[in-house]
Amino acid sequence: MIVTTKKDFNEILQSIGNHRKIVIVGCAECAAVCQTGGSQQVSDMAESLSDREVLATISIQSPCDKRISSRDMKRIAEETENADAIIALTCGSGVQAISEVTGKK
């Protein structure tokens with residue numbers, strides 16, 4: 001298991017900049033155990049971004065595994081295509097895998 005820590009919300013806002021259409025991806029494994037990226041945290045993040053358009057939210061069992069991310073992200077392919085940015089509540093490996101699978105920042 002990888003231990004994850006929650007980023008400061010202002011840092012997240014700075015990272016997404018002026019992007020308005022957002023997809024939020026959580027980790028149902030390590031980040032869920034650490035309470036930094038499970039379903040509740042994904043829901044909380046969506047609420048915190050009420051001034052933006054959250055197109056979709058999803059929790060993936062192992063987002064760091066590109067095969068699993070690729071399979072699960074297909075469920076929200078249209079929303080992801082229309083998104084300006086993705087917020088990944090995962091470890092660094094999850095962020096990288098999701099970025100590679102979607103081609104999104």
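**Pocket, core and cavity**

Student: By class, how many nonpolar, polar and charged residues does the lining of the largest pocket have?
Tutor: This is a predicted model, and its largest pocket holds about 690 Å³ of space. Of the 29 residues that line this pocket, Lys7, Ile12, Ile87, Ala88 and Leu89 are the closest to its centre. Sorted by class, the lining has 13 nonpolar, 9 polar and 7 charged residues.

Student: Where does the largest share of the largest nonpolar core come from?
Tutor: This core has 11 residues in all, among them Val23, Ile58, Ile60, Ile68 and Met73. Strand 1 (21-27), strand 2 (53-60) and helix 4 (66-73) each supply at least two of its residues. The largest share is 3 residues, and these come from strand 2.

Student: How many residues make up the second, separate core?
Tutor: Among the members of this second core are Ile12, Val42, Ala85 and Ile87.

Student: How much space lies in the largest cavity?
Tutor: A search of the whole structure finds 1 cavity of 30 Å³ or more. The residues lining the largest cavity include Ile2, Cys27, Glu29 and Pro63, and the lining as a whole divides into 7 nonpolar, 2 polar and 1 charged. The space in this cavity comes to about 50 Å³.

Note on methods
Residues are numbered from 1 along each chain as its sequence is written. This is a predicted model: local features need pLDDT of at least 70, side-chain atom pairs count only at pLDDT 80 or more; totals for chains, interfaces and linings use all residues. Side-chain values use heavy atoms; hydrogens and water are left out. On a 1 Å grid over the protein atoms alone, a cavity is a set of points where a 1.4 Å probe fits but cannot get out, and a pocket is an open set with protein on both sides within 12 Å along at least five of seven lines; lining residues have an atom within 4 Å of a point. Grid points are joined across faces, edges and corners, and a volume is the space filled by probe spheres set on the points. Ala, Val, Leu, Ile, Met, Phe, Trp, Tyr, Cys and Pro count as nonpolar, Asp, Glu, Lys and Arg as charged, and the others, Gly among them, as polar. A nonpolar core is a set of buried Ala, Val, Leu, Ile, Met, Phe, Trp, Tyr and Cys residues joined through side-chain atoms within 4.5 Å. Buried means under 20% relative accessible area, exposed over 50%, partly exposed in between (1.4 Å probe, protein chains only). Helices (H or I, at least four residues) and strands (E, at least two) are DSSP runs, numbered from the N terminus.
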